[in-house]
Amino acid sequence: MKRLQYSRFALCLVFCALLISPVMAQEEHSVVADYDDGGTAWIIPIHGNITPSLAAFVRREARAAQNFGVDYIIFEIDTFGGRVDAALQITSFITSITGARTVAWINNSEATLGVSWSAGALIAFATSEIYMAPGTSIGAAAPVIAGPGGMDDAGEKALSAIRAQTAALAERNGHPVGIALAMVDTRVELWEALVNGNTAAITVQELERLERGAGSVERVNVISPVGSLLSLTAGEALSYGLTSGLPGDRQELFYTLGITQITESAPSTADGLVSLLTSGPMQTILILLALVMIFLEFQSPGFGVPGVIGVLCFIVVFGSGAMLGRVGSLEILLFLIGMALLVVEIFILPGFGIIGIGGFILVGASLVLSMQDFVVPQIDWEWTLLWRNISVVFSSLLASVVGIAVIALLSPKIRIFDRIMLKAQITGTAGGPDPDSLIGKTIVVEPALPLEDDEDLSALVGKTGTASVLRPSGKAMIDGQSYIVEADNEFVEAGSSIAVTRVRGNRIIVKKL
């Protein structure tokens, strides 16, 4: 009865969580200013580490701004960088925006650090205009890989892809392409030059091409030599034509753009929750807890609290991935097939063989795919992300195996498991208690019925044979003849060699060799 009550209570908690989730997901918007008729703008903050959850937030808020019909969508950037895949998702969506001008705004206030580095610079190049407050900086957009010894440069394939993408974004939006290249690739030599009397930042290759032409070209100085990665202050960015202006604060930016009605987005509670749930450490904990709870459920009759918790953990893992657009029918199908194979291996087939291993592989593959938005990696950073996800899942599986082993060893000593673990021991065989265990005890024996034949089975003691599945009774072939036998306090797999240890009447008791 208590078990049923616990199950109902757990299901009620799940139901309540599903009910309040839409409330938590409500968008948080505030009107910053609403003056007379004029331009309208929507501010979307891109603060902190660039993550897939932040990319989902930017997509959702930008769609809301487009539906509202604003004139400007302002992306307030304040970041040291983050994941390349998330940054590329953001840039891809920004370039697809129509009906509104996109503006990158690097603010310098008490609440910001005034930086747009790495992935932040890539996002800035995706916008139509860039504005920087005095004292801010932008640059250092080379892709790096986090390794055991710290940050390492990405491979040539990843560098080439990011370099081409950054240059394409700069060219598309009218930003200096040479600056974009020098911020990504240390092999680019960038020069300040006077081209027909105008200051420009161009690569040495472009400079040499112009010098061979008919125009007036004069070299001034090297902005970024070979071997260094370019970063620019707000003043330098203005002098080289990267930024459109240096407004001191938001109000000055709004005045410059002619904006009088402003709406600002803010991450909701649900955004913070999704960011937490999709982080590597939390994914590891959820997978570990889910597997351990499923194991405890298998050890207890019916379906109770451990099963509910395990299922809920898997729902959170796949549900949070689905909210970021990374879970589809493939991941769900692989997970269901993998779990089905594990159930078949545990409850139908003896031992643990190819079916169980296949189930583990499919479940692991589904969990890995739920953490990324691609199936087969094509470039270096995708391979890096794949190995990171594999390490998260593998560490979770390894930790769950250790946890299950510890629980299996300590569960008889832990009182909390008394109601869900089977503690009874098999002290005899299927035909009754082991006669040898009754030595020294006074018992009343009913007269035994005579056997249907006079076959003397005592001659089988010491002989060996091959058993079918003994759980604990079954058939065995001994001396070419089939007998009904009973295993001695153990289960015996099919095909195992057995030996007859004793015979009690018509009961043949065997032991696995």
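Colleague: Which residue in β11 is the bridge partner of Ala193?

Modeller: Keep in mind that this is a predicted model. Strands of a sheet pair through backbone hydrogen bonds, either parallel or antiparallel. Here, Ala193 has Ala200 of β11 as its bridge partner. Six bridges join β10 to β11, and the two run antiparallel.

Colleague: What lies between β10 and β11?

Modeller: Two residues, as the strands form a hairpin. Asn196 sits in the turn, with a positive phi of about 55 degrees.

Colleague: Which residue of β12 stands opposite Leu190?

Modeller: Ser224. Strand β12 (residues 217-224) is antiparallel to β10, and six bridges join them.

Colleague: Why is β10 largely enclosed by the rest of the structure?

Modeller: Look at accessible area, where buried means under 20%. Five of the six residues in β10 (190-195) are buried, so the strand is largely enclosed.

Colleague: Now a loop. Is Asn108 buried or partly exposed?

Modeller: Partly exposed, at 35% relative accessible area. Asn108 lies in the loop between β4 and β5.

Colleague: Which residues does Asn108 touch beyond four places in sequence?

Modeller: Ala133, Pro134, Gly135 and Thr136. A polar side-chain atom of Asn108 lies 3.0 Å from the backbone oxygen of Pro134. Gly135 is 27 residues away along the chain, yet its C-alpha is 6.8 Å from that of Asn108.

Colleague: How many strands make up the closed barrel?

Modeller: Five, in the order β17-β18-β19-β21-β20, with mixed pairing. The twist averages 55 degrees from one strand to the next. Ile498 is bridged to Lys512 of β21.

Key. Residues numbered from 1 in each chain as written. Predicted model: local features only at pLDDT ≥ 70, side-chain atom pairs only at ≥ 80, totals over all residues. Heavy atoms only, no water. Pairing = 2+ DSSP bridges. Helix = DSSP H or I, 4+ residues; strand = E, 2+ residues; numbered from the N terminus. Axes fitted to C-alpha atoms, helices over the stretch in contact; angles between N-to-C directions. Buried < 20%, exposed > 50% of the residue type's maximum accessible area, 1.4 Å probe, protein only. Contact = heavy atoms within 4.5 Å. Polar contact = N/O pair within 3.5 Å; in protein donor to acceptor, adjacent residues only side chain to side chain.
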